[in-house]
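Dear colleague,

I am handing over the structure that we spoke about, and I would be glad if you kept it open beside this message while you read. My notes on what was found follow directly below.

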Amino acid sequence: MSGTFVGMPSFPRAAKEAVHNKTLRDNLRHATHTIRDKRAKAVAELADWAELREAGKQIKDHTLRHLDRYLVQLESRVTEAGGTVHWAADADEANRIVADLVKATGESEVVKVKSMATQEIGLNEALEAEGIAAYETDLAELIVQLGDDRPSHILVPAIHRNRGEIRDIFREKMADWGRAAPHGLSDTPADLAEAARLHLREKFLRAKVGISGANFMVAETGTLVVFESEGNGRMCLTLPETLISVVGIEKVVPTWRDLEVFLQTLPRSSTAERMNPYTSTWTGTADGDGPRTFHLVLLDNGRTDTLADEVGRQALRCIRCSACLNVCPVYERAGGHAYGSVYPGPIGAILSPQLRGTQSEIDASLPYASSLCGACYEVCPVAIDIPEVLVHLRERVADQGGKGHRVEKAAMKAAGWVLDHPGVLGAGERVASRTRKLHPSKLPGAGAWTRSRELPEMPAEPFRDWWKKNRKPKSDGKKP
Amino acid sequence: MTTDPSIDPSGTPRSGSRERILARIRAAVADAPDAPEVTRDYLDTHTPDSTMVDLLAENLADYRAVVHRTDSAGLAELLRQLLAEHGSRTVLVPPGLPPSWLASADPTRIPDREESTAQELDEVDSVVTGCAVAIAETGTIVLDGGPDQGRRRISLVPDHHICVVRAPEQVVASVPQAMPRLDPTRPLTWISGPSATSDIELDRVEGVHGPRTLEVVLVED
Ligand code: SF4
């Protein structure tokens, strides 16, 4: 089972461990740079990218402004189409609803298509506690689940594993979960994919209950949409008798036509393809085709708190494309696990502290896990101004702790971690000077914290030297 | 029967969370500025009509679908040949597939039936379907469960899918042009190339769970 995030160390501690793991760093660097370059090409094919980005932003903003109306409309359309809609205020409620629905079918195992919402609420663990086995069927998720690991990237959750590691995991663990790895399994990607195909097909063909998330829900028609590549999504969405989809309330869009924007921007931003291999849409249940029972669980779990924050609410526009991860100099070095959440990278740094609040050390440190270079904003297909939200959240963290307070210490350590990694800051500064007014002419903990300490404004380059000279060494003499 | 107290026996939810969440949303956006209607300044197409079918062929091939071009008169012979080359002994047939398409094909026809189990479908070698729309710019075919396409699972479980596209009637240039031609109340499957994964060191591998081979036949008269 993939581990939970409870008791995660704050960002700098986790990041420090990550940068010492050379394999991890190399895997990450290779992956992020490959996707980054391909993505730029895929985006350049569309002359109207800027207009699509603006439309995507506007659709999401408009929906969020009238979210109550669109959710109610969605609910009636899904119900009319033969589905049942449930509302879950938090993770516990969502997990209980799903567990009860599964139990009502009399089944004790379910197949799952990768879903960030169900990871966010810890659904697999909750089901396990009720005696229900949840099988992740996305190849990367399978690697993560068999390896008793956590996903480290939104899109390629096993980005931190290379082929040799994956072969070892398959050889050692597959038999515990079902069909064993073929004898003499090699480490070529084709052989590894074939092993996964055989292992999972056995599960798909007997599955009675499928669980999914959704990329979008259309209020006007009650249609749910899932983007994927492998076909495991199609297996989970069409073969079982019962389908349960757990979806964040922010995933609704008003009209069918609105999808034309995201069908163009999401695949290009995420996998750098013109279109992902498979997109499935379904509206309630269909006669003789696919599941006979459909349940939609609408999840709040901190989203309404996020919506109430006038600067931070833009994070709810996120379509989880992961483009911001691939351009982030901090993510590239720290890896996804350091963020202590299912949402890593720049979007994780603003979404997690909003969904969970900033009281824990990890959440207080996340807004500082950035050089504010602005590359994430440039690349975001719905124009979320991540640096603006980071600065805003830093103020919130600063306001809640006094000097020497536990959360402030965590926050300052994270800022220190970024400053201690010249490559991170350097990469950031280069982009920043080119692109944004948010150049770190002040400590990259702008806002209240800097103001209250009256830091002189200074150019970025000398700032690192200033920091080195002025920060106090910890009592053990190590860097903070 | 459900054991969840928040769901009554008819399956209707009755928890207070619905009202609570809606009330929280209303409070959260009470002071938010008005959000204007969406401006759609983006393009309806990026492709001149005259090159549409060629572009479709190119983009399909780019995604490692195998593309064939023929006319109505050559279709039956081409399908016979493709099934023979694949060594297929059985082929799944949607209820409304024009019988002439498979008039010369050798494999045993397996009808698409609701009561077939997934295991039975797994035994079938190939499937032949039509499509609802094909999108040139993205190299995508869209199936909508129409009579010549059948249930979603028949284009998923067998390892070999042959999809017939009538050009130019079924071809549109772009995604925005495809939307009004599709009916969202039917289940849709958008397919761009065969099943693929890039999860292992970003090396693309075809055919993880869906068909490993996708052949698209463009029929132009
Ligand atoms: S914040 Fe933007 S770039 Fe990052 S995952 Fe979300 S939509 Fe994609």
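**An aromatic pair in chain A**

Trp282(A) has a relative accessibility of 4%, and because the cut-off for buried is under 20%, this residue counts as buried. Please keep in mind that the model is a predicted one. Phe294(A) is likewise buried, its relative accessible area being 2%. Over all chains there are five aromatic pairs, and one of them is formed by Trp282(A) and Phe294(A), whose rings stand edge-to-face, with 6.0 Å from centre to centre and 85 degrees between the planes. This pair links distant parts of the chain, since Trp282(A) belongs to strand 9 (residues 278-283) of chain A and Phe294(A) to strand 10 (residues 293-299) of chain A, 12 residues apart. In general, a pair of aromatic rings is described by these two quantities, the distance of the centres and the angle of the planes. Elsewhere in chain A, Phe216(A), Phe227(A) and Phe262(A) come together in one aromatic cluster.

**The sheet of chain A**

Strand 10 of chain A, which holds Phe294(A), also takes part in an open sheet of six strands, which follow one another in the order 1-10-7-4-2-3 with parallel pairing. Which strands stand at the edges of this sheet? They are strand 1 (84-88) and strand 3 (133-136) of chain A, each of which has a single partner strand, so one side of each is left without a neighbour in the sheet. From one strand to the next, the twist averages 25 degrees. Further along the order, strand 2 (residues 109-112) and strand 4 (residues 209-212) of chain A pair in the parallel sense over two bridges, and Lys112(A) is found opposite Ile211(A) of strand 4.

**The sheet of chain B**

Chain B has an open sheet of six strands too, with parallel pairing and the order 1-12-7-4-2-3. Its edge strands are strand 1 and strand 3 (108-111) of chain B, each of which pairs on one side only, and the twist averages 25 degrees from one strand to the next.

Glu215(B), another residue of strand 12, is the bridge partner of Ile162(B).

**Backbone details and the ligand**

Most residues other than glycine have a negative phi, and most peptide bonds are trans. The peptide bond from Ala167(B) to Pro168(B) is cis, with omega near 0 degrees, and Pro168(B) lies in the loop between strand 7 and strand 8 (171-172) of chain B. Ser322(A), although not a glycine, has a positive phi of about 75 degrees; this serine lies in the loop between helix 13 (303-308) and helix 14 (323-327) of chain A and is buried, with a relative accessible area of 2%. Ala383(A) has a positive phi near 55 degrees, lies in the loop between helix 18 (375-379) and helix 19 (386-400) of chain A, and counts as buried at 9% relative accessibility.

**A helix to finish with**

How far apart are the end C-alpha atoms of helix 20 (residues 406-419) of chain A? At 1.5 Å a residue, its 14 residues should span 20 Å, and the end C-alpha atoms are 20 Å apart, which agrees. Of these 14 residues, 11 are buried, so helix 20 of chain A is largely enclosed by the rest of the structure; among the buried ones are Glu408(A), Met412(A) and Trp417(A).

With kind regards

Methods: Residues numbered from 1 in each chain as written. Chains lettered and ligands numbered in written order. Predicted model: local features only at pLDDT ≥ 70, side-chain atom pairs only at ≥ 80, totals over all residues. Heavy atoms only, no water. Pairing = 2+ DSSP bridges. Helix = DSSP H or I, 4+ residues; strand = E, 2+ residues; numbered from the N terminus. Axes fitted to C-alpha atoms, helices over the stretch in contact; angles between N-to-C directions. Expected span 1.5 Å × (residues − 1). Buried < 20%, exposed > 50% of the residue type's maximum accessible area, 1.4 Å probe, protein only. Phe/Tyr/Trp six-rings, centres within 6.5 Å; stacked < 30°, edge-to-face > 60°.
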